[in-house]
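Welcome! Please take a moment with the sequence and the 3D view below before reading on.

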Amino acid sequence: MTQLSHPASYAISHAAGILREGGLVIFPTETVYGIGARAFDPIAVSRIFQVKGRPADNPLIVHIGTVSQLSALAMEIPDVAFRLMDHFWPGPLTLILKRAPTLPPIVSANLDTVAVRMPDHPMALALLHEMGEPIAAPSANRSGRPSPTSAAHAEKELGPAVKMILDGGPCRIGLESTVLDLTERRPCILRPGAITQEMLTPFVGPMAVPQQEARSPGTRHRHYAPNFEVLTVDSKAWPSFVKAWHRPEKRLGMICHHPPENLPKVVYYRHFTGQESDYARDLFSSFHEAEAAGVEIFLVEAVEKQGLGVAIMDRLERAGGMRSAVSYDRLPRGVPPG
Ligand code: TXA
Ligand code: MG
């Protein structure tokens, strides 16, 4: 069998051809789907900003297939970075390093740093190897929206903007990579993800507390927000909160560990097993599905802020604009949160 007669490898070489000509391709990673362009093609990269409606001050992540590609992207790479790459790559860890002058500044939104990761997905790696050069790719959603974790959700977000979508099935992790800044005196987690603080500490030692406003431009902007209201409810308070629910006119969605409640107007329900990795994997897809079901308020059972729970709660807090059911419940009945 020749290589081209194999549908998957045909698709990969077709996708690489599109990227080489300056086009955009949506591809799967283990975290979420990305929308990619050749990192060294500033016009193609500018199209990513345009189709996502992404603010120009929010830098992109550069994906690589081999560590040898780093030298054209980053410089003054500290030893700890190589130890992290050895251990966690390919995988959901993005490293912020000093940018090399060879990389078009638009990729990094003109910062003197660059975000790099090697994704752990066979299709992403096959595409990167076929290209033989780095691919700049943010998550394949319109700016401010939840990241897509399936080809169908990516299609719904940005399908018309790309020439091709590689369908690799649902993403294994479901939340975006951990972003670790290695350019300051102390390493700092700018975005929590599946590689947790506990996993990183043995490699990097004590970390700085993130000052997200100043350091990670992307975190300034609204994020992960579906087109309904998200109310995150503490797990202990869940049963009494649901019992006391007082907005019967609203179409409800729920994702919870507790058994389903017999509320009127529940139009979308997803149970999670109690395993945080299942919850992380399903969270964004539940947002997309709940939108399709016409949900107006989505009740979400919170998890403990430890391990992967830190990343889950980070996304929930951003999706809900930092509102919580606790403050919501203190409002006079019928008044929506501000
Ligand atoms: O899992 C992921 O990381 C996915 C997949 C597709 O790889 N990508 C992703 O990209 O989530 P994006 O663009 O949605 O998020 C990139 C984050 C943003 O918060 C951005 O501000 C931050 O990384 N970032 C990128 N370059 C940076 C830099 N030089 N300094 C600080 N933060 C940076
Ligand atoms: Mg994103």
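Predicted model: local features only at pLDDT ≥ 70, side-chain atom pairs only at ≥ 80, totals over all residues.

Residues are numbered from 1 along each chain as its sequence is written, chains are lettered from A and ligands numbered from 1 in the order in which they are written, and side-chain values use heavy atoms, with hydrogens and water left out.

**Around ligand 1**

- The shell around ligand 1 holds 26 residues, and T31, R54, N58, H63 and S177 come nearest; a residue belongs here if one of its heavy atoms lies within 4 Å of the ligand.
- By class, 12 of the shell residues are nonpolar, nine are polar and five are charged. Here Ala, Val, Leu, Ile, Met, Phe, Trp, Tyr, Cys and Pro count as nonpolar, Asp, Glu, Lys and Arg as charged, and the others, Gly among them, as polar.
- Two or more shell residues come from each of β3 (61-63), β6 (113-117) and β10 (188-191), and β6 gives the largest share, four residues. Helices (H or I, at least four residues) and strands (E, at least two) are DSSP runs, numbered from the N terminus.

**Strand β5 and its partners**

- Strand β5 (residues 93-99) has six of its seven residues buried, so it is largely enclosed by the rest of the structure. Buried means under 20% relative accessible area, exposed over 50%, and partly exposed in between (1.4 Å probe, protein chains only).
- β5 runs antiparallel to β4 (residues 74-75), with two bridges joining them, and M75 has K98 as its bridge partner in β5. Strands pair if DSSP finds at least two bridges between them.
- Four bridges pair β5 with β9 (residues 178-181) in the parallel sense; there, T94 is partnered by V179.
- β5 also runs antiparallel to β6, again through four bridges, and L97 stands opposite V114 in β6.

**Salt bridges**

- The whole structure has 18 salt bridges, each a side-chain nitrogen of Lys or Arg within 4 Å of a carboxyl oxygen of Asp or Glu.
- D120 and R172 meet in one of them, at 3.1 Å from N to O. The two are 52 residues apart, with D120 in the loop between β6 and α4 (122-131) and R172 in the loop between β8 (164-165) and β9.
- R142 and E157 form another, with their closest N and O atoms 4.0 Å apart. R142 sits in the loop between β7 (135-136) and α5 (151-158) and E157 in helix α5, so the pair ties together parts 15 residues apart in sequence.
- Is E157 buried or exposed? E157 counts as buried, at 5% relative accessibility, whereas R142 is partly exposed at 39%.
- R145 and E291 meet at 2.6 Å, N to O, and both are buried.
- R142, R145, K156, E157 and E291 are linked in a network of salt bridges.
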